[in-house]
Amino acid sequence: MPEREIHHTLTVPETLVPEDLQRNALLTSVDSVYNWARRRSMWPLTFGLACCALEMIAAGAARYDYGRLGMDIPFSSPRQSDLLIISGTITHKMAPQLIRLWNQMPEPKYSIAMGACTVSGGTFDSYAVVQGAAELIPVDIYLPGCPPRPEALIYAFTKLHEMVGQQSVKTVSWYRKEGEA
Amino acid sequence: MSHQATLDTLLTRFPEAGIERQEGLDFTIVLPSSLIVDACRTLRDDLGFDFLSNLTAVDRPDAFEVVYHLYSLSNPAPPLALKVRLADKADPRLASVTSVWEGANLQEREVYDLFGIVFEGHPKLERILLWEGFPGHPLRKDFINRIYSFEEMRATLPPETER
């Protein structure tokens with residue numbers, strides 16, 4: 001994906017920057033830099049629930065390698081993670097832990113509901129299974145499939161990157177004080 | 001040791017008990033529930049069945065049936081299935097065989113969890129797959145399977161400090 005936001009203001013006005021620095025200066029908006037950095041360093045939490053986790057692992061391994069998207073480290077602590085990939089069936093027994101992990105992640109944070117079970121409970125109309133991750137936490141991307149292939153997961157990442165690219169520092173909720181609109 | 005020799009040994013050891021031989025493909029012995037620990041100890045010590053491969057239960061219309069699959073690693077005896085019928089479906093109870101095979105521990109907990117069969121003498125008889133407070137025993141035939149919302153289930157989940 002080309003970084004249009006950065007490159008479109010490459011021509012630096014002469015009045016702002018001395019001539020000898022013009023080839024070294026770059027003007028752009030705060031949002032562009034901020035979102036570019038966030039999109040290119042979105043660390044997922046190391047968290048697998050069921051069979052979808054294997055496709056997630058495959059997406060991270062050599063053939064598909066989501067490290068290309070800047071997601072190099074599936075981080076083992078929710079405190080340093082930006083993205084929760086809910087990969088697999090959520091049982092009622094696991095649900096409190098899922099909510100707890102989500103609450104421990106600092107803002108800005110995003111979640112992908114990967115697979116039919118996390119989207120809607122899937123084939124399990126059962127006493128043991130939560131009928132969709134949206135019952136527990138906010139979901140940004142719904143990725144259907146049973147399980148979705150690694151390509152599909154990477155497509156979900158690109159969609160998430162698009163979404164992140166459209167957010168503005170001025171309006172996001174996590175830099176606002178409590179009660180501020 | 002052949003199956004017939006196994007059966008003969010058990011019949012000699014426990015003559016008054018109603019030990020039955022079920023016809024069929026598998027070699028199965030049906031035991032009365034009062035005999036289970038003694039019979040298992042005999043099977044392990046004298047007949048070489050040193051490996052409890054599987055312990056499960058079946059919900060029959062008239063009884064719970066606890067099934068033990070035994071193998072011998074020390075001597076090449078053919079595998080053996082033991083069955084115990086528990087006619088009291090309201091309060092099924094059976095002696096634990098954890099004193100004979102340590103490996104029965106988790107399997108008896110699973111049967112207790114999913115069927116509600118109480119194993120007396122078990123060192124730690126708690127639910128293993130589901131949580132304490134789950135309504136019912138899901139592998140019983142009278143358990144009605146339906147979707148529970150998380151809100152509904154949350155009331156039964158253990159408090160946060162114990163998760």
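Mentor: Two strands pair if DSSP finds at least two bridges between them. Strands (E, at least two residues) and helices (H or I, at least four) are DSSP runs, numbered from the N terminus. This is a predicted model, where local features need pLDDT of at least 70, side-chain atom pairs count only at pLDDT 80 or more, and totals for chains, interfaces and linings use all residues. Residues are numbered from 1 along each chain as its sequence is written, with chains lettered from A and ligands numbered from 1 in the order in which they are written.

Trainee: In what order do the three strands of the open sheet in chain A come?

Mentor: Strands of a sheet pair through backbone hydrogen bonds, either parallel or antiparallel. Here the order is β1-β2-β3 in chain A, with parallel pairing. β1 and β3 (141-143) of chain A are the edge strands, each pairing on one side only. From one strand to the next, the twist averages 15°.

Trainee: Over how many bridges do β2(A) and β3(A) pair?

Mentor: Three, in the parallel sense. I112(A) stands opposite I141(A) in β3(A).

Trainee: And which residues have the most contacts inside the largest nonpolar core?

Mentor: Such a core is a set of buried Ala, Val, Leu, Ile, Met, Phe, Trp, Tyr and Cys residues joined through C-beta atoms within 7 Å; buried means 20 or more other C-beta atoms within 10 Å of a residue's own, with C-beta atoms placed from the backbone. This one has 32 residues, and I85(A), I86(A), I90(A), I112(A) and M114(A) have the most contacts inside it. Among the elements that each supply at least two of its residues are β1 (83-87), β2 (110-114) and α6 (150-165) of chain A.

Technical notes: Buried ≥ 20, exposed ≤ 12 C-beta atoms within 10 Å, placed from the backbone. Axes fitted to C-alpha atoms, helices over the stretch in contact; angles between N-to-C directions.
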